[in-house]
Amino acid sequence: LRGVVSEGMICSERELGLGDDHDGILVLERRPPIGSPANEIFPAPDTVFDLEITPNRPDALSHMGIARELAAFLRKDLQYPELELNLSSAKPGKLVEELECTDTDACPHYRGYSVRGVSVEPSPEWLQRRLRAVGLRPINNVVDLTNYVLLETGQPLHAFDVRKIRGGRILVRPAREKEKITTLDDKERSLHPGNLVIADAERALVVAGVMGSVDAEVEEATTDLFLEAAYFDPVSVRRTSRHLGLSTDSSYRFERGVDPRGAEYAALRCLDLILQHCGGELLGPPLLVGEPLMVEQEVILTPGWVRSRLGYDISDEEMEEALQRLELGVGRDEDDEGEVLFRVGVPSHRQDLYRPIDLVEEIVRMHGSDKIPEAPVKATVTLAEDDPVVRYRRKATEQLVGKGFHEAIHYTLRSESELRLWYGHAQADSLAVANPLASDASHLRTSVIPGLLDCLQLNRARHNEARRLFEIGRVFREYCGAIYEMVSVGFVCSNEPRTTWREEAVPDYYMTARVVTDLLAAAGVNLEPNAFAPIEDENAWLAGQAAQTGSFERGYEAKFGMLHVGMTRRWDLEHPVLAGAVYFLPEFLKKLPPRRQFRPFSDYPPAIRDLAVVAPSTVSAGEVQRTLASLADAHLEDGMLLESLAIFDVYEGKGLAEGHRSLAFKLVFRHPERTLRDKEVNAAFQGILQDLDARENLEVRR
């Protein structure tokens, strides 16, 4: 080490990974011979299982729950910790005078025990070691034992310092308006009436099912305890945990549902350990509110029905044995037709088993999925068109990828502040999620564009050249008091210049109009040239540089153009951003146009004519173009087609009357099966000129 031979290092407890003590060198009280293996000196290493428990199995969030599973799987007998405490031997008296609950829906059952004369000190080494093995920090013997029983049984417990309970009263109640509590992590938290608390006569002491406060924590000077064991409604605890942004080992279990009848056993187990390791004496009787919920139920199961669901044979005895290994009571009976049926008693800790099909899954699990025999899979194939929404998504994706856009995907939940900024208070209030998982995902989105701006900002920060992005997803809209889900395609592109050897086209309003027009056409919406109306007074779009078309009543909407500079700068985007979005009701997309059929193009040469029309400036070029097309149709004969009609020049000024302009068009005629003759083309062209001269507001410019 640094050029010097190292023979080792003298370490502290923390440096060796044996504990948290780092005050100095770990001194061994016994002097083992030099060279002794460390495992002979220190306690034997523990075995730690790293498990992922699905939300439907809260019973497995404990050592006893995992032991049940292992005993059933390995066909071993399960030994539960024996309770030595005899409540009848408790000395008369009570440390808390009164227990009351004002919300029995949120707290159907609550029990409290009084222990006098405990000695609070550091926990024994074995207890500290076991808590550290599962990631908990030892605090003192009382708190550590409540945590130990929590991990052992899955039932959260809480110990109060009786000296800090004012008025000798425990009250389970909803929090008061603007009430505050400082939790054990030393953070002051604001409560609202939807939060259940455990309080004394004056203030809240515990956020029920979540975390205690510093006002009632057990410390070295504590001598008298009040031990709480309760069943709290999972929905109430989940709502409180989300509101406070606070998740603990207790709330994690209560949210998923602890054993409704497990509070008494867990409390007695903890009292056993407290009296054994902390001293003191139990006072009785316990204080009780409500009764444990009667949740045990019976499920009727017919072996023949089980076999029909499994698709292979398994004997009645094997089914019964599999269920009994899971501590399910099985009684045999017969139905009216003499067929055997099982009456399966489901214990309180298995709230996920309430239907016959749930028991079929347990039978397969215990019998062994490896015993399922091989069999050919037979499936009926149905030939059908893809859903119209899926077909449109495919079309839109092909279009945008072909135009150089990159696809992005975001969540459908956005923040409240974003919705209020983009769409106002009305939409934000109506699209709020009742129980949001996070403050920045509290509302349903009304557009995909804000998420694309997030992505654009991230790409810019990472010096990524992807500056054209699109997303296809669900958005939501409030209309006439109802919430509608819509299919939306949105895109953004930045005008930020790129360093490249060739000059690139700069995105502009007309580019966004073309993209939106193509997206609408893919849904069967063929817009007229003057179908767009300007956007004047919306926060998101720059007035004079953005337009819209369609309406909710029509089943589709579209907006496009330049985003407001003040809006994009909130994303630290200094250069202009062009964007567009189309919105469809799913019912509208059911009317998608049929797939286009190939039509052979003509191999014969076209006949081209140019035509200039003088029209008032108030008449749009699109109107003139449509007029020419209709006139041409009246003069085309013998299969001749007007293949294209496009404007190529606009002139205003000298030689024209004031308020008029000249619009020049190129007309391309073609026949699909032969070469056109000049005579027939000239005849059609002259007919168009004569009809134009007959119009009051249009004149052929010669």
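Select Leu456, Asn459, Arg460, Asn464, Ala466, Arg467, Ser494, Glu496, Leu573, Glu574, His575 and Val577: these residues line the largest cavity. This is a predicted model, where local features need pLDDT of at least 70, side-chain atom pairs count only at pLDDT 80 or more, and totals for chains, interfaces and linings use all residues. Residues are numbered from 1 along each chain as its sequence is written, and side-chain values use heavy atoms, without hydrogens and water.

A cavity is a set of points on a 1 Å grid over the protein atoms alone where a 1.4 Å probe fits but cannot get out; lining residues have an atom within 4 Å of a point. The largest cavity holds about 70 Å³ of space. Its lining has four nonpolar, four polar and four charged residues. Now select residues 449–461, which are helix 13 (helices are DSSP runs of H or I, at least four residues). Helix 13 gives the largest share of that lining, three residues.

Next, select Arg57, Asp59, Arg68, Glu69, Leu326, His349 and Arg350, the lining of the second largest cavity. The space there is about 50 Å³. By class, this lining has one nonpolar, one polar and five charged residues. The whole structure has two cavities of 30 Å³ or more.

Ile10 lies in the segment before helix 1 (38–41). Is Ile10 buried or exposed? Ile10 counts as exposed because its relative accessibility is 62%, and exposed means over 50% relative accessible area (1.4 Å probe, protein chains only).

Terms used: Helices (H or I, at least four residues) and strands (E, at least two) are DSSP runs, numbered from the N terminus. Buried means under 20% relative accessible area, exposed over 50%, partly exposed in between (1.4 Å probe, protein chains only). On a 1 Å grid over the protein atoms alone, a cavity is a set of points where a 1.4 Å probe fits but cannot get out, and a pocket is an open set with protein on both sides within 12 Å along at least five of seven lines; lining residues have an atom within 4 Å of a point. Grid points are joined across faces, edges and corners, and a volume is the space filled by probe spheres set on the points. Ala, Val, Leu, Ile, Met, Phe, Trp, Tyr, Cys and Pro count as nonpolar, Asp, Glu, Lys and Arg as charged, and the others, Gly among them, as polar.
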